[in-house]
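Here are a few quick notes to read alongside the model. Have a look at the structure first, then go through the points in order.

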Amino acid sequence: MGTNLVNNVVRLGFKLSEEDQGSINSITLFVSLLCACIVIGHLLEENRWINESITALVIGVCTGGVILLTSNGASSRILEFNEGLFFIYLLPPIIFNAGFQVKKKQFFRNFIIIMMFGAIGTLISFCIISFGAKELFEKIGIGYLDLRDYLAIGAIFSATDSVCTLQVLNQDETPLLYSLVFGEGVVNDATSVVLFNAIQKFDISNIDVQVTLKFAGNFLYLFSASTLLGVVVGLLSAYLIKKICFGRHSTDREIALMILLAYLSYMLAELFDLSGILTVFFCGIVMSHYTWHNVTASSQVTTRHAFATLSFIAEIFIFLYVGMDALDMEKWNFVKSNPGKYIGVSAVLLGLVLVGRACFVFLLSLLSNCTKRTMTDRINFKQQVIIWWAGLMRGSVSMALAYNQFTRFGHTQQPANAITITCTITVVLFSNVVFGLLTKPLVRWLLPQSQHLGGLLSPEQSALLPLLTSEQGLDVGEMGNVSLRRPSSLCMLLSQPTNTIHYYWRKFDDSWMRPVFGGGGGEGGGAPPGSPKGGGDILH
């Protein structure tokens, strides 16, 4: 009787089924592996070649191999892939933290070229990869794929890995490259997801001018509406926290409200069929510009580290899973009989990724440089090479979209789909390990330490730009080759559109936005008691 009682009574007083016990075992092992990734990543932190993404991938592959051996080849995974888990729980904290921590001065100073790379560049890459894959895959003969599948492949492999960019580029050492590659990566991911979703919704069997225009209109609507929603939710959080002053009574409440409203922005975007990536990214930017300055000093420290921690754990989780899934035998069984097709498809996809990115990076950089009047504002060839190289990595978004298109709950029985999935895993692993390993040495080789800030103003110079100061600005100033003049005419707007827009935005921000929504540094933007006074564009 005592033995039966011991067997029936388990933790918390509940009896666990075998399935539940298996889930607990899997989660325990996975959390242990996450801890191992953090510890090993810390020990390798000073290594110029290795980053935490690669560490997680390698540990995932090794763990998958051990599980594969112990299960007699049955499976290499301890958790089933779920697109909902990725898009609903893992991606939001990564993208929000990116917007919350990004150096807004650099991001918005290069906003036009970032949007060119992220939106127009992604469309160029999408077209090249889609039609290149259609022509070459049919010659290889991997099996039946329809036009929707080929267009989906274009969207899947147009999505760069903004997560890995955080690991291989340093925001302080190379601010221009970081803002361009990472900013482009976020917009690129959003564009790829919007394209992918549009492909699923539209009838592409009869493509004509009307369908094309409808597709373009829907694309622009999703972009603008998603951005607007993120801004609105961010402003709402700033207004509520500024007016209610939670910090006077409980810092826990204002921190909880910030976290929940940030997540709410993403879920609202998904609810309205918008781009959650764009929404939560711009929500993060607005919250860091206004809301963060309305909370107490202790809450400022807590929120910064809380968002960064959630993002860090989600990143490691994703790469660890991708590494483990690389050895899933269900998909590799289809490849065993046709290794030549697998190698051919992988090589084709990798080549199309290289060509597609090169086509838009160098072309759009040339067009951007034509509009710049000074050499310091232009993107030189060495910087273009780094931008091209650093954006070649494919990661979690590509994996999630590929699973969504070519599997059902992580499984597939179609040979063409299985080959496509295994090739996607191969490209993700190869691009992260090889391109990721070589990015840091490439930056050090092409841009020595003294040239890391090339193409940018120094911090002291940047502080005098219209966007970066709450003062009225300089009428006329000369700093190196850069002329700083107060934009006061249509001619200045046409010749220096970015600085002019920044200047008038700053005036509008100080006069109208900060008095209502708070934020440091501007008139009327007083912070509540306990909050430090500081510039609204503080670098986190």
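1. A word on terms before anything else: helices here are DSSP runs of at least four residues, numbered from the N terminus. With that in hand, you can find Ile40 in helix H2, which covers residues 18-43. Keep in mind that this is a predicted model.

2. On the overall make-up, the protein has 21 helices and two strands. Of its 540 residues, 53% count as buried. If you take the contacts between residues at least 6 apart in sequence, 79% of them join residues at least 24 apart.

3. Now the inside. The largest nonpolar core has 129 residues, and Phe137, Ile153 and Phe281 touch the most other members. Helix H9 (residues 175-201) gives this core its largest share, 14 residues. There is also another core lying apart from it, made of six residues, including Leu235, Ala238, Met513 and Phe517.

4. Phe281 deserves a click. Setting aside neighbours within four places in sequence, Phe281 is in contact with Ile95, Ala98, Gly99, Phe107, Phe182 and Val186.

5. Over to the outside. The accessible surface comes to about 24200 Å², and 65% of that belongs to carbon and sulfur atoms. On the surface you'll find a nonpolar patch formed by Val39, Ile40, Leu43 and Leu44, with about 350 Å² of accessible area together.

Conventions: Residues numbered from 1 in each chain as written. Predicted model: local features only at pLDDT ≥ 70, side-chain atom pairs only at ≥ 80, totals over all residues. Heavy atoms only, no water. Buried < 20%, exposed > 50% of the residue type's maximum accessible area, 1.4 Å probe, protein only. Contact = heavy atoms within 4.5 Å. Areas by Shrake-Rupley, 256 points an atom, 1.4 Å probe, with all protein chains shown as cover. Core = buried A, V, L, I, M, F, W, Y, C linked by side-chain atoms within 4.5 Å. Patch = residues over 30% accessible without salt bridge, like charges linked within 9 Å, V, L, I, M, F, W, Y side chains within 5 Å. Salt bridge = Lys/Arg side-chain N within 4 Å of Asp/Glu carboxyl O.
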